[in-house]
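Dear colleague,

I am handing over a structure for you to look through. Please keep it open beside this message while you read the notes that follow.

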Amino acid sequence: MVKPSVLVTRRWPAAVEQRLAAEYEVELNRSDRPLTPSELREAFLKYDAVLPTVTDRIGPDALDVPKAQTRILANYGVGYSHIDLENAKRHGMAITNTPDVLSDCTADLAMTLMLMVARRAGEGERQLRAGDWDGWCPTHLVGTKVSGKTLGIIGFGRIGQEVARRAHFGFGMKIVVFNRSPVDQQVLEQFSAVQENSVDDLLPLCDFVSLHCPGGPETRKLINSRRLDLMKPDAFLINTSRGEVVDEFALAQSLMFETIGGAALDVFEREPAIHPMLQQCTRNLVMLPHLGSATREARQAMGFRVLDNLHDFFDGKPPRDRVA
Ligand code: 8YV
């Protein structure tokens, strides 16, 4: 039987690449250079399956092909706002993602960011490495207590709930949530969480706000200047979801004028480019280079989850993580 042809758009963990190569007619991207829209167009004419990542912008230009050979886009990652679903569906492509397997690690990173920004860990490390630390004193790099504070979680899916677990049971935090659909009462009770009716209702209540909603047109600039003004003047914003959820210009202004306590970001609107105004916010902004799922364990599990989806699809079964 002829094996389906599969294009992997970036380097993946070796164990996953080996399994893919054993089971499919695989083209690996040994140079690990992101594909251009024209290379993606060529790929859609050539391969049965394309396995993209967040660095592949699969918009109308990349999908502008007369008749695609590709029948499945098996995305490596849970977020898929980089894929134009309507256009991909018009070509008859199935789209899958990799939920669950990265929830723990992404939640761990959200906690890392929360602690880093509140306890001024980035500033402290920079100061020490620059040789500027004069020694202990009672007023040195005094930050904000995290334990026992109120955490607002926007988007209470799998990752949001893992953040709630860590914050509530590990740090004794009070949890309030906003979710576009009602959250099961039993789930809320696990964390003694309260669901608010709107983002506007949630923001003024929180010492920390952590974003866990999907990206895409519906949540674009959900956190804008009006909503930043609803936050407490000493509250912190944490984003491990998608850069487009936050209006970066508005956030930079809030940070510069200190209308909020600070922010910590793992995702950006035009990755890997960073908004020049955010670059200037050194005192109250922590930034990491999209590390949410960057552990050996999660990255390998994400790869094997893509394989599960491919197996289902090419066996003629509904893929377990089909999103469109
Ligand atoms: C992934 C992520 O590493 O899964 C996601 O949605 O944001 C990251 O953790 C990235 O998307 C890989 O494509």
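Where is the place of Asp100? Asp100 sits in the loop between strand S5 (94-96) and helix H4 (103-118), where helices (H or I, at least four residues) and strands (E, at least two) are DSSP runs numbered from the N terminus. Although Asp100 is not a glycine, its phi is positive, at about 70°. Its relative accessibility is 38%, so Asp100 counts as partly exposed; buried means under 20% relative accessible area, exposed over 50%, and partly exposed in between, with a 1.4 Å probe and protein chains only.

Before going further, please note that this is a predicted model, in which local features need pLDDT of at least 70 and side-chain atom pairs count only at pLDDT 80 or more, whereas totals for chains, interfaces and linings use all residues. Residues are numbered from 1 along each chain as its sequence is written, and side-chain values use heavy atoms, with hydrogens and water left out.

Another residue with a positive phi is Asp32, which is not a glycine and has a value of about 60°. Asp32 belongs to the loop between strand S2 (25-27) and helix H2 (37-46), and with 29% relative accessibility Asp32 counts as partly exposed. A further backbone feature is the cis peptide bond between Glu271 and Pro272, with omega at about 0°; Pro272 is found in the loop between strand S11 (262-265) and helix H11 (276-280).

Now to the ligand. The residues surrounding the ligand include Thr53, Tyr76, Leu102, Arg242 and Met302, a residue being near a molecule if one of its heavy atoms lies within 4 Å of it. This shell divides into five nonpolar, five polar and two charged residues, where Ala, Val, Leu, Ile, Met, Phe, Trp, Tyr, Cys and Pro count as nonpolar, Asp, Glu, Lys and Arg as charged, and the others, Gly among them, as polar. A polar side-chain atom of His290 is 2.8 Å from an oxygen atom of the ligand, and a polar backbone atom of Val78 is 2.7 Å from a ligand oxygen atom; a polar contact is a pair of N or O atoms within 3.5 Å.

Finally, the protein is divided into domain 1 (5-101 + 296-314) and domain 2 (103-287), with bounds that come from an automatic or database domain assignment. The C-alpha centres of domain 1 and domain 2 are 31 Å apart.

Notes
A polar contact is a pair of N or O atoms within 3.5 Å; within protein, one must be able to donate a hydrogen and the other to accept it, and residues adjacent in sequence count only if both atoms are side-chain atoms.
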